[in-house]
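User: I am new to reading protein models. Please walk me through this one, feature by feature.

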Protein chains: 2
Amino acid sequence: MEAWDALVAHNRETAALAGASAVVQWDQQTYMPSRASASRGEQIAALSKLVHARNTDPRVADWLAELSTSSDLTPVQVGGVRNMTRSLERARRVSPQLVGALARAQSEGFGAWVAAKEAKNFEAFAPKLQTLVALTREKAAAIDGDRSPYDVLLDEFDPGATTVSLRSMFDRLSAGLRELLEATRGVEPLQAHTEAYDTDRQLTFFRQVAGCLGYDMEAGRVDLAAHPFTISMGAGDTRITVRCAEHDLLSGLGGTIHETGHALYEQGLPWDLAGTGVETAASMGLHESQSRLWENFIGRSLPFFRWLAPRIEAHFGQSVDPEALYRGANRIVPGLTRVEADEVTYNLHVIVRFELEAALMEGRLSVAELPVAWNDRYRELLGVEVPDDGVGVLQDVHWPSGMFGYFPSYTIGNLYAASLGCALEESLPSLWADVAGGRFTGIREWLRAGLHRHGHVRDAPDLMHDLVGERDHVADLLTHLWGRHGVLHGVTR
Amino acid sequence: MEAWDALVAHNRETAALAGASAVVQWDQQTYMPSRASASRGEQIAALSKLVHARNTDPRVADWLAELSTSSDLTPVQVGGVRNMTRSLERARRVSPQLVGALARAQSEGFGAWVAAKEAKNFEAFAPKLQTLVALTREKAAAIDGDRSPYDVLLDEFDPGATTVSLRSMFDRLSAGLRELLEATRGVEPLQAHTEAYDTDRQLTFFRQVAGCLGYDMEAGRVDLAAHPFTISMGAGDTRITVRCAEHDLLSGLGGTIHETGHALYEQGLPWDLAGTGVETAASMGLHESQSRLWENFIGRSLPFFRWLAPRIEAHFGQSVDPEALYRGANRIVPGLTRVEADEVTYNLHVIVRFELEAALMEGRLSVAELPVAWNDRYRELLGVEVPDDGVGVLQDVHWPSGMFGYFPSYTIGNLYAASLGCALEESLPSLWADVAGGRFTGIREWLRAGLHRHGHVRDAPDLMHDLVGERDHVADLLTHLWGRHGVLHGVTR
């Protein structure tokens, strides 16, 4: 297995450079002084170029070709060769010219988007978006001209997901969510929790919470940043960032638990298999399922707030009612903005984007028609009027960054999380007593054994099937939402 | 000038990778979680390998060869070609085998040194040091077999310095320092300043002080670390670290001002000339002169403490006498440890090391004889008995790291700083009134215009000569020390 050993050694060095790039990018978002932005851009560009060159090194193709003819590969080797071949094929089929054109279009698109969003003026961004759409379709055709372009794009984030299967799930989910929304529409809204909490103390509190959930502080850190994120820099180094708002403890808390969920997945990956191609997360959707399971299923539950309330009192010296926290964390407020959405309406935001970007990629919708289509769907699905494009079609960074096909991963994550929640309740009968008692180890270890430690040996749908069996994810999510929000709002199906 | 443009572009990308490596190393010393040390080591090794490969790329030699025949180079190009040719020649003449052997010996030497220092047992480290000495001599011979090996090593840190010229200066300095020491020996020692100050507040105070001295906080940061250091990661990003001890405000303060001096040099370098080979500091000695000028000449002066005392009172809410600070900062305490030494005895520590490492390199001293020679010289020069090797010959990391020839830079820095101080007093008649009034901009701008912005267009001795003229650095330093410490201790020459 000389080819295998050479490939793993090559990948380990590439991973070291990618890890250095992660350090540099984390620093950019946390501690970098403002005048360093230009030199930092050069550093990230230089490292990206190197990592890309190493990943598409002709020797990699040779090693993979040799291994693909071998009949006695271990499961790790089978998975690694599959994953690496996929990535390499995707990379090789896109010409350097197209890669360059896309990079330029993304860079120009991002700049134009920032200005257009500020000015609430979609027209200023439309020509750039048009270019991004055209180049992305060209890329999809280059990778696999025989398949739907949107299917090809989905593969990058959630291998195995298809437009048809997603549409079928999303349509059922959408109908179910609107039914719940309709039922709660006339009901008195739950009260928000807007007590003031010292923001410095919020940061130390969030660190404690992450640690209690099982995040290994000796293999990570929690810092402040403008946008919460999780990033791994290598074995023993998975960091999260949070933000704190004086009158919105629950928002910072939710963000912390969300990132902790991502980080627990990363910390549980098989880092000892570095370089084999299976040491990573199995998909973006599965990653999101980990953050959502912790953030929503656990972190918005009443037992969780029963555990948390006395800790808030001890840390901030302010008494708080767990029921008030529970209600405050589970308000349903159909709104304009995805990242501020509640657990019930969140997936409707995603479904709007899925429908529109699929139509753009399949040529059924033009860029010029996009804002009206967006506003129409927000009216139909969420019942809200979009006052301007800045808070409408221009709100997300994904399209300006050329990320088409990513949005579904958010809802795939919520769907997986719902089924994981059901399976967890069955596997761990003491679950809610454990949560109320602050004993979170059982949950982490169940996820670690069932998912994390497998890395990407198998694809996400297979890993999920192995762990939860044959389940209807849509039904699981709707059951969870009716169970929690129906009861809270006094409505039934 | 195609060769020049290609060379600069190549160097800029190399600098971007070296800058990324600096970020990664800074993070290692400040915020990295403990379990990341192995993966971090792989990242640093991968980047070092890349930077080395790029610096010794055969095209670099071709470009330099082509440029060296050109007759119409600008001063920047002349300086850049000279600096790059020097580095390349040094790198090319040392075989990859010897580079590898040295790297291994340094790594093993460092490990053995940590254990030997802990156990106060030189014998356990001696075989590793023997190997390091032998390989370093081999390296010096490979670079230039016609010159004294120690001269060859000095070139790496302070181009132009020679063993003979240093010995002549250091002998005079040593005699002058011992005369001052002798004169103050019977005098009542000055009182230490051991008030307690909150360490969290010390950090915020040190940040303020660095900012007042002219350090650009938008192009840098001040963080805590076990060992104070300054590191540049690229244009707009020069960071310093400090440490705080509750009962030793002056130590943390001195460290802060020292690193601020280094950082002001780095921030003043011609970053717009990135990639030309002249955008760096001109020598280690000149770098040290910047830290020492600020730390000692300015930062241990009475006018400085007159400015500082009310700020200490305002920040910590504790009243303090500027004269007490001045005396506390200028105590003479001949001791065992270089990094804790006062302004008067510091250079004697360096001179011991210079004499011994020059003798080792020239084959006049064996490794086995080193501890006795060390202890003898400490008795003769500093009048102290060394109780064990841990606080004696094993105290510094330089030799275990294979850094022979670096120590003189510390004293070259103090010598340059003394002449810079004299020239500064002549050029800026309001100097001490400015310091007492907290107006430090004039000093920074004088250094910036006279030294910093020239980078490494010319070598340090030439830059110094241009700025201060023909001066006797040893006489300048002794005059400064007698002027301050003679008066404080009531003694005269």
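User: How many salt bridges does the rule count over all chains?

Analyst: Keep in mind that this is a predicted model. A salt bridge here pairs a side-chain nitrogen of Lys or Arg with a carboxyl oxygen of Asp or Glu within 4 Å. By this rule the count over all chains comes to 73. Take one case: Asp459(A) and Arg86(A) meet through their side chains, at 2.5 Å from N to O.

User: Where in the chain do Asp459(A) and Arg86(A) lie?

Analyst: They sit in distant parts of the chain, 373 residues apart. Asp459(A) is in the loop between helix H18 (441-450) and helix H19 (460-468) of chain A. Arg86(A) belongs to helix H4 (residues 75-93) of chain A.

User: How many salt bridges cross the interface of chain A and chain B?

Analyst: The rule finds twelve there. One of them joins Arg35(B) to Glu218(A), with the closest N and O atoms 3.6 Å apart.

User: What relates the two copies, chain A and chain B?

Analyst: Start with the general idea. Two copies of a chain are related by a rotation about an axis and a shift along it. In this model, a rotation of 180° with 0.0 Å of shift superposes chain A on chain B, at an RMSD of 0.0 Å. That is the relation of a two-fold axis. Now check the interface: 100% of the interface residues of chain A are also interface residues in chain B, so the copies meet through the same surface.

User: How many helices and strands are in chain A?

Analyst: Chain A has 20 helices and three strands. Its radius of gyration is 23 Å, close to the 23 Å that the globule rule gives for 493 residues, so chain A is as compact as a globular protein of that length. Along its principal axes, the C-alpha trace of chain A spans about 65 × 50 × 50 Å.

User: What phi does Lys120(A) have?

Analyst: Most residues other than glycine have a negative phi. Lys120(A) is not a glycine, yet its phi is positive, about 55°. Look for Lys120(A) in the loop between helix H5 (96-119) and helix H6 (122-143) of chain A.

User: And what is the phi of Lys120(B)?

Analyst: Lys120(B) also has a positive phi, about 55°. Its place is the loop between helix H5 (96-119) and helix H6 (122-143) of chain B.

Key. Residues are numbered from 1 along each chain as its sequence is written. Chains are lettered from A and ligands numbered from 1 in the order in which they are written. This is a predicted model: local features need pLDDT of at least 70, side-chain atom pairs count only at pLDDT 80 or more; totals for chains, interfaces and linings use all residues. Side-chain values use heavy atoms; hydrogens and water are left out. Copies are superposed by least squares on the C-alpha atoms of residues with pLDDT of at least 70 in both. Contact means heavy atoms within 4.5 Å. Helices (H or I, at least four residues) and strands (E, at least two) are DSSP runs, numbered from the N terminus. The radius of gyration is taken over C-alpha atoms; the globule rule is 2.2 Å times the number of residues to the power 0.38.
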